[in-house]
Amino acid sequence: MPPTPQSPLRIAAIVCAAGSGSRFGLNAGSKLDQDLHGKPVLVRAAEAIARQPEVVATIVAGPADPELMEAFRQRHGDAIARLGATILPGGVRERFETVKAGLDALTGLHPDVDAVLVHDAARPCVPAEVVRRVIAALRSHAAVAPAIAVADTLKRAEATQDPRRVLETVDRAGLFACQTPQGFHINLLARAYAQAHLASTDDAQLVERLGVEVVLVEGDPRNVKITRPGDLELARAIWPTLVVDRD
Ligand code: CTP
Ligand code: MG
């Protein structure tokens, strides 16, 4: 049953941390292990979610490979345990598989939650207000994503040439760049994943495929995803600008 406006929401979270970080670079170590003002990127991301009062259970989905998982537990196990979160193996190839593994575990471990937040461990700078806006919207909507209006002029161009030939300019009006955490009433997300056949980098897309409405709330440009090495420098510059009660 969807929560009523009066009842407190009970939310579980899946923090996706099973990726290989290939675009970040193989020699730089895992991007999620990198230091962000005293704590690893992954721990910062998990804290931002787990510290919200409505979040009653957090799963951190780490590497599927058993050896990598053991190293992951050694590096991050204590910090994750301090958050009251649980570590599980994610999916080998696709983020999609990681969310599915987390969701399967959640429905067994915490059958009583109303909703799920799915967050990228590679987004450590998510402002608390963004998480709160997603949670607030879950009171009246079953699928919520934070997003920001696209500010740059958009061109469609050839995929491979250098320099690339421009094919067209795309009207950016009504276009939004999506972030995480995305939030869903748990039964809806379970249904979306049970029926999903195509891989997806975005959970909301699977809900859209069911024909269910997804709403966007305001994201934040500081909620960057660490993808390439320069993004870590960006995150380090952003961190001091966040008003956080995080140590
Ligand atoms: N992720 C995951 N399971 C996967 C793939 C990705 O949990 N099988 C997670 C990543 O750890 C990251 C988030 O999903 O926190 C967003 O993915 P992305 O930025 O693409 O990270 P990677 O897949 O690790 O990096 P790359 O695509 O460059 O290899
Ligand atoms: Mg990836």
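This is a predicted model: local features need pLDDT of at least 70, side-chain atom pairs count only at pLDDT 80 or more; totals for chains, interfaces and linings use all residues.
**View 1. A salt bridge joins D203 and R95.** Let's start with a pair whose closest N and O atoms are 3.1 Å apart. D203 belongs to helix α6 (residues 203–209) and R95 to helix α3 (residues 95–109), so this pair ties together parts that are 108 residues apart in sequence. Is D203 buried or exposed? With a relative accessibility of 0%, D203 counts as buried, because buried means under 20% relative accessible area.

**View 2. R222 and E129 meet through their side chains.** Here the salt bridge spans 3.9 Å from N to O. R222 sits in the loop between β12 (215–218) and α7 (229–238), while E129 is part of helix α4 (residues 128–137), so parts that are 93 residues apart in sequence are tied together by the pair. Have a look at the accessibility of both partners, too: R222 is partly exposed, with a relative accessible area of 23%, and E129 is also partly exposed, at 31%.

**View 3. R156 of strand β8 pairs with E168 of strand β9.** In this salt bridge, the closest N and O atoms are 2.8 Å apart. Strand β8 covers residues 154–157 and strand β9 covers residues 166–170. The pair links distant parts of the chain, with R156 and E168 lying 12 residues apart. R156 counts as partly exposed at 45% relative accessibility, and E168 counts as partly exposed at 37%.

**View 4. Four charged residues form a network of salt bridges.** Which residues are linked in this network? You will find K39, R44, E47 and R51 here, linked by salt bridges.

**View 5. N223 is buried in the loop between β12 and α7.** We now return to the loop that also holds R222. N223 has a relative accessible area of 1%, so this residue falls under the 20% cut-off for buried. What is N223 in contact with, leaving aside its neighbours within four places in sequence? The contacts are R123, C125, V126, P127, V130, Q179 and T180.

Terms used:
Residues are numbered from 1 along each chain as its sequence is written. Chains are lettered from A and ligands numbered from 1 in the order in which they are written. Side-chain values use heavy atoms; hydrogens and water are left out. Helices (H or I, at least four residues) and strands (E, at least two) are DSSP runs, numbered from the N terminus. Buried means under 20% relative accessible area, exposed over 50%, partly exposed in between (1.4 Å probe, protein chains only). Contact means heavy atoms within 4.5 Å.
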